[in-house]
Amino acid sequence: MAKILILFAHPAFERSRVHASLLRAARSLQDVTIHDLYQQYPDFDVIPRQEQPLLEQHDIIIFQHPFYWYSGPALLKQWMDLVLEHGWAYGKEGLALKGKYLGNVISTGGHESAYGPDGHHGYPLREFMLPFEQTARLCHMQYLPPFVVHGAPDLTQQQLNDYTDAYVRLIKGLQSGSYDLPQAQRTYYLNALVSPAEPKPSQG
Amino acid sequence: MSNESFFYQALVYLATMVVFVPLARKLNLGSVLGYLIGGIIIGPALFGFIGHGGQDLMHFAEFGVVMMLFLIGLELEPSLLWKLRAPILGLGGLQVTVTAILISGLAMLFGLPLNESLILGMILSLSSTAIVLQIMTEKGQMGSAAGQSTFSVLLFQDIAVIPMLAIFPLLAPAGLSSAQVEDHSLIAHEPAWVKTLIVLGAVSALVAAGRFVVKPLLHIVARTGLRELFTASALLLVVAIAVLMTLVGLSPALGAFLGGVVLANSEYRHELESDIEPFKGLLLGLFFIGVGASIDFKLVLEQPLLILGLVLGIMAAKFAVLLGLGRLFKLSGEQNLLFAFALPQVGEFAFVLFSFSLQSHLLPQHIVSLMIAVVAISMALTPLLLLAHEKWVQPYFGCTAKPPEREPDKIEEKNPVIIAGFDHFGTIVGRFLRASGVRTTVLDLDSDRVDLLRRMGLKVYYGDASRMDMLKSAGAEQAKIIVIAMGTPEKNLEVVDAVKKHFPHLQMLVRATGLTDVFDLMNAGVLHIYRETLDTSLRVASDAMEMLGHRAYQSQRAARMFRRYDERSMKSLSAYRDDKQYVNVMKERIEELQKLIQADAYTNMLIRDAGWDRENAEERN
């Protein structure tokens with residue numbers, strides 16, 4: 001059974017609706033470790049000696065966060081800067097993360113249509129995920145496509161519930177190994193695994 | 001009264017309390033029922049330990065009701081009282097009027113003359129403040145809508161006693177002049193308008209005295225630091241109010257209530273509360289015992305059906321009126337039932353009014369003795385009635401009635417955080433929490449400072465936070481957190497001990513000065529300990545580094561790391577409790593600290609954030 005670590009980064013969690021729902025659902029699952037970065041490191045003093053063993057103990061690492069300025073919140077970046085050390089995460093001898101999977105679970109304010117050549121944001125969402133993808137690659141990890149909740153402010157309760165259920169199914173599926181991960185890596189959004197009808201891969 | 005008989009009586013009453021109240025509470029019957037049963041058992045009906053002293057005892061113990069109203073007043077700030085004006089005047093007024101008319105009508109149906117019927121109606125419309133408030137407070141129902149309505153009605157009734165006493169003489173049957181009516185007040189023989197003026201004057205004098213005399217006086221007393229002197233002053237205050245009110249012919253209970261309201265805003269509120277509380281409890285207990293003992297079982301056995309019928313009839317009539325009024329005032333079904341179940345008995349004022357009526361020849365002897373038995377039985381039935389309500393009625397409303405009412409109390413201000421000690425340390429904690437919208441109750445022992453801070457508009461109370469009753473009246477039962485920031489380590493430890501013993505649910509955040517008291521606090525099991533100089537010293541240090549040209553972010557980050565390290569080593573140090581061993585370990589640790597600072601730890605902290613290392617950057621490029 002795959003062990004899952006959710007690194008959760010949200011500077012204003014108390015005002016979040018989407019992540020509150022997703023995280024609450026994830027908390028109810030067994031054998032999922034949830035690491036709330038803004039709660040743990042309010043002063044941004046991430047301690048690598050504390051974080052690295054945690055990563056070593058898990059197989060699938062998920063960055064769960066809102067999508068800020070085409071990236072994660074600042075503390076997530078601080079975490080990456082400090083924890084992914086040379087000689088441990090990457091470099092000739094940095095093999096600690098080898099073979100693990102890394103993926104993002106994100107919420108965006110914009111709708112899916114805003115991400116494309118004609119959209120408000122100009123580029124497909126996956127292109128903005130490149131820094132994460134390449135980070136995974138540099139650290140000898142496999143990158144999973146993101147699980148995306150688009151249009152977060154406009155979601156109806158029903159839609160939010162659907163996303164939450166899909167997230168739970170996704171985590172359980174990943175734990176039990178019911179997905180063919182190399183094949184899953186070829187989907188555009190990981191949402192396709194759990195709700196095949198909804199987000200269709202666009203030409204990305 | 002000779003000493004011997006005094007001690008004998010004290011023995012009987014105190015033993016009754018100590019035996020029956022815990023027993024009743026064990027059986028989930030509540031303390032009031034315990035007192036009542038105790039009274040019945042030691043009364044003339046069964047063992048006769050106290051003969052027919054029950055009535056005399058009640059006259060004495062009625063002072064407990066005065067104290068209770070003083071305490072209620074203390075908890076009610078004038079603004080809150082003003083908010084309650086509609087239920088007090090509307091609900092209370094209607095309850096008294098409608099019930100009085102209904103019962104008078106019933107009495108006339110039984111063939112009593114009009115004036116006697118009216119007197120009966122008025123007396124029986126009253127309910128028992130002592131019993132009802134005691135029970136509802138014990139069950140934590142005072143904050144609910146029903147509790148508020150009940151309180152409003154009781155308050156109105158207490159006020160209504162005064163006009164009743166004034167009206168009664170007018171109802172005297174022809175041939176009896178009102179001169180025969182006994183009136184204890186000094187102003188009995190003045191004309192009506194003078195009386196009114198004197199009464200108004202007395203009330204304003206009371207309010208003014210509360211503001212301008214009592215507060216400074218309490219301040220002086222508090223500064224003497226003699227605890228018993230403060231208790232004496234508190235008692236003196238209540239007694240003085242009662243005497244003044246009696247002199248001008250007002251109800252002492254009402255005066256005490258007013259006095260309480262006047263002092264509700266004062267810094268001595270909590271201290272007064274905790275000083276009066278035990279006396280009130282004792283006297284009310286005696287009062288309930290008196291009620292139990294005064295039930296004339298001989299009379300009851302002679303006419304059991306008549307008395308039973310009267311009790312049930314009166315209570316049913318009052319119950320119906322209450323239920324109707326509750327609906328009129330939009331109480332929800334479940335709250336309305338609680339309200340109606342709480343108030344259908346006849347109150348302690350009935351004893352006063354009945355004996356008054358008897359002396360004034362307004363009511364014949366046989367009706368009065370019958371009624372006194374009826375009143376006492378209806379009072380004794382109240383705890384049972386509320387118990388029955390809780391057991392059999394309330395469960396039907398299972399989902400709406402969340403058993404312990406978690407909503408914030410409407411009457412009292414109960415805050416989630418208590419700050420004990422408000423010198424420069426506590427002040428900052430309090431100011432920050434206040435600025436962040438977190439409500440705090442502040443206790444401080446320095447009466448001069450309390451005075452000053454209150455003049456600046458801060459709500460600070462004078463009181464010793466190491467006393468259990470003080471903590472209780474500061475709301476420790478409802479609070480979540482206590483910040484213990486007293487001036488000396490010894491005092492902090494005292495508060496810690498009191499909190500651990502009586503309010504273990506409270507999270508303690510404790511101020512520490514030096515190393516020794518950190519260890520004392522650790523040994524006492526305190527989890528959150530704050531050395532008062534640690535953070536400041538480190539800020540000085542990191543600022544110094546910045547001034548020397550170190551980058552600000554790294555200096556401050558190093559300071560935070562240092563603090564974490566230091567707190568960790570504190571914990572391992574505290575394992576050594578023996579003093580001698582401690583000295584050695586301390587020496588060792590100092591050396592170790594020195595070593596650490598000199599060697600890698602220091603450089604580590606500043607430079608070795610490997611993620612930002614040069615080699616890291618190289619590989620990325």
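The expected span of a helix is taken as 1.5 Å times one less than its number of residues. In this predicted model, helix α18 of chain B, covering residues 365-393, has 29 residues and reaches 39 Å from its first C-alpha to its last, which is close to the 42 Å expected at 1.5 Å a residue.

**Helix α18 of chain B**
- The helix α18(B) has a kink of about 35 degrees, which lies at Thr382(B), shortly before the proline Pro383(B).

**Strand pairs in chain B**
- Strands of a sheet pair through backbone hydrogen bonds, in either a parallel or an antiparallel sense.
- Strand β1 (residues 417-420) of chain B pairs with strand β4 (residues 481-484) of chain B in the parallel sense over four bridges, and Val417(B) stands opposite Ile481(B) in β4(B).
- Strand β4(B) also pairs with strand β5 (residues 507-512) of chain B, in the parallel sense and over four bridges, with Ile484(B) standing opposite Val510(B) in β5(B).
- Strands β5(B) and β6(B) are joined in the parallel sense over four bridges, and here Val510(B) stands opposite Ile529(B) in β6(B).

**Helices linked to the sheet of chain B**
- From β4(B) the chain crosses through helix α22 (residues 489-502) of chain B to β5(B), in a β-α-β crossover that is right-handed.
- A right-handed β-α-β unit is likewise made by β5(B), helix α23 (residues 515-523) of chain B and β6(B).

**Chain A**
- Chain A contains nine helices and six strands, and buried residues make up 35% of its 204 residues.
- Among the contacts in chain A with a separation of 6 or more, 75% are accounted for by residues 24 or more positions apart.

Key:
Residues are numbered from 1 along each chain as its sequence is written. Chains are lettered from A and ligands numbered from 1 in the order in which they are written. This is a predicted model: local features need pLDDT of at least 70, side-chain atom pairs count only at pLDDT 80 or more; totals for chains, interfaces and linings use all residues. Helices (H or I, at least four residues) and strands (E, at least two) are DSSP runs, numbered from the N terminus. The bend at a residue is the angle between axes fitted to the seven residues ending there and the seven starting there. A residue is buried if 20 or more other C-beta atoms lie within 10 Å of its own, exposed if 12 or fewer, and partly exposed in between; C-beta atoms are placed from the backbone. Two residues are in contact if their C-beta atoms, placed from the backbone, lie within 7 Å. Two strands pair if DSSP finds at least two bridges between them. A crossover is right-handed if, with the strands pointing away from the viewer, the path from the first strand over the helix to the second runs clockwise.
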